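Hello,

Here is the structure I promised to pass on to you. Please open it alongside this message, and I will walk you through what turned up.

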Amino acid sequence: MTGMEITEVRVYQVDLPLKEGRYSWADGKFVDAFDCTVVVVETAGGAKGYGEVCPLGPFYLPAFGKGARAGMAEVVPHLLGLDATELGCVNLAMDRALLGHPYVKSALDMACWDLAGKRAGMPVCDLLGGRHGTAVALYRAISQEAPEQMAEKIAGYRDEGYTKFQLKVGGDPVDDVARIRASRNVLDRGEILVADANTGWLMHEAARVCDAVSDVDVYIEQPCRTYEECLTIRRRTARPFVLDENVDGLHMLLRAHGDGAMDVINLKISKVGGLTKARQIRDLCVELGVAMTIEDSWGGDIITAAIAHLAHSTPERLRFSSTDFNSYVTVDTASGAPQRDRGYMSAGTAPGLGVEVDENALGAPEAVYTAA
Ligand code: MG
């Protein structure tokens with residue numbers, strides 16, 4: 001007995017409304033308030049670990065808020081009694097209990113990393129490899145609107161200190177070309193612009209946009225729905241290329257790297273099943289020279305902290321960008337999370353993830369699982 005045996009898991013549902021009111025992307029998709037799940041994993045010794053998962057609505061990845069909590073009902077009974085700090089054993093137990101559904105496991109794995117850090121007296125960042133540089137550069141996602149409004153938003157966020165911007169495109173190709181040009185016009189050399197179609201273009205639409213911006217300093221992210229379509233576009237354009245939705249695990253990373261299918265990947269913690277699996281992919285990308293946007297699908301304070309620890313422990317050159325989701329939403333899920341300083345954030349120095357959840361503020365848990 002180490003005292004780190006899991007005795008109870010409490011699952012909370014939290015709505016995270018957006019400061020901007022609405023977040024819109026390809027295909028007319030939008031979200032007004034995110035359905036977020038917070039987990040508290042308690043051990044025999046009384047330590048608490050915190051985790052969070054927040055899908056980008058039910059139609060971005062094969063993931064949805066209610067699904068996270070339904071999946072936990074399958075997985076959590078298999079974790080009770082396990083040592084939370086034995087992350088390999090915890091992940092094996094989750095994968096044996098439920099095939100697939102990586103996002104369900106992400107919050108639980110995150111909470112176990114929090115506990116491992118607390119037990120070691122080390123921030124998760126140090127357990128993941130150590131701190132590189134003083135701060136992590138952030139990008140700002142620009143919700144899909146008319147080209148002038150998007151350029152105006154970029155100018156505003158630029159004044160706040162951001163130097164990297166991700167435009168939500170994936171709409172009408174002519175409008176999208178206008179969005180890209182208007183946005184690039186308000187940026188300086190050295191500032192980064194990504195046009196993220198979020199699978200929204202057909203191949204002929206992607207080809208038109210890529211051709212029309214061939215003189216623009218812009219990255220193209222996930223133009224089409226399938227990997228094969230994206231690879232076709234990749235081979236027709238000289239723009240730097242980011243894959244996101246299709247790179248959902250290590251096997252797809254290996255395949256895409258073998259095909260030379262991208263220059264950068266978007267590594268989302270919950271898309272691949274948690275920090276344990278994200279670290280594996282991160283370490284391979286470092287070795288392969290594939291730069292990464294290190295983030296999650298969405299989230300609040302706990303996810304922002306987890307992103308900061310994973311990103312800050314990644315060599316700076318391979319860190320393309322990250323996201324401070326807690327600055328987009330109106331609700332706090334925890335105290336102690338990284339706060340944006342201009343366009344940067346830093347991993348905390350307290351043990352674990354360095355966040356404290358006020359469970360009273362979350363209302364009653366939706367589910368409580370207790371060891372017999
Ligand atoms: Mg993306």
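Let me start with a helix contact: Asp 109, Met 110 and Trp 113 in α3 meet Leu 275, Thr 276 and Arg 279 in α11. Contact here means heavy atoms within 4.5 Å. The residues of this contact divide into three nonpolar, one polar and two charged; Ala, Val, Leu, Ile, Met, Phe, Trp, Tyr, Cys and Pro count as nonpolar, Asp, Glu, Lys and Arg as charged, and the others, Gly among them, as polar.

A word on the source: this is a predicted model, in which local features need pLDDT of at least 70 and side-chain atom pairs count only at pLDDT 80 or more, while totals for chains, interfaces and linings use all residues. Residues are numbered from 1 along each chain as its sequence is written, and side-chain values use heavy atoms, with hydrogens and water left out.

Helices (H or I, at least four residues) and strands (E, at least two) are DSSP runs, numbered from the N terminus. The axes of α3 and α11 (residues 275–288) are 8 Å apart, and the two helices pack at an angle of about 85°. Axes are lines fitted to C-alpha atoms, for helices over the stretch in contact, and angles run from 0 to 180 degrees between N-to-C directions. That makes α3 roughly perpendicular to α11 (angles of 65 to 115 degrees count as such, under 35 as roughly parallel, over 145 as roughly antiparallel, and the rest as oblique).

Helix α3 (residues 102–120) also packs on a sheet, where it touches β1, β4 and β5. That open sheet has four strands in the order β5-β4-β1-β16, with antiparallel pairing; two strands pair if DSSP finds at least two bridges between them. At its edges are β5 (48–53) and β16 (367–370), each pairing on one side only. Another helix, α12 (residues 301–312), lies across β4 and β5.

Within the sheet, β1 (residues 6–17) and β4 (residues 33–43) pair over eleven bridges. Arg 10 has Val 40 in β4 as its bridge partner, and its side chain meets that of Glu 42 in a salt bridge of 2.7 Å, N to O. A salt bridge is a side-chain nitrogen of Lys or Arg within 4 Å of a carboxyl oxygen of Asp or Glu. Since Arg 10 lies in β1 and Glu 42 in β4, the pair ties together parts that are 32 residues apart in sequence.

Enjoy exploring!

Best wishes
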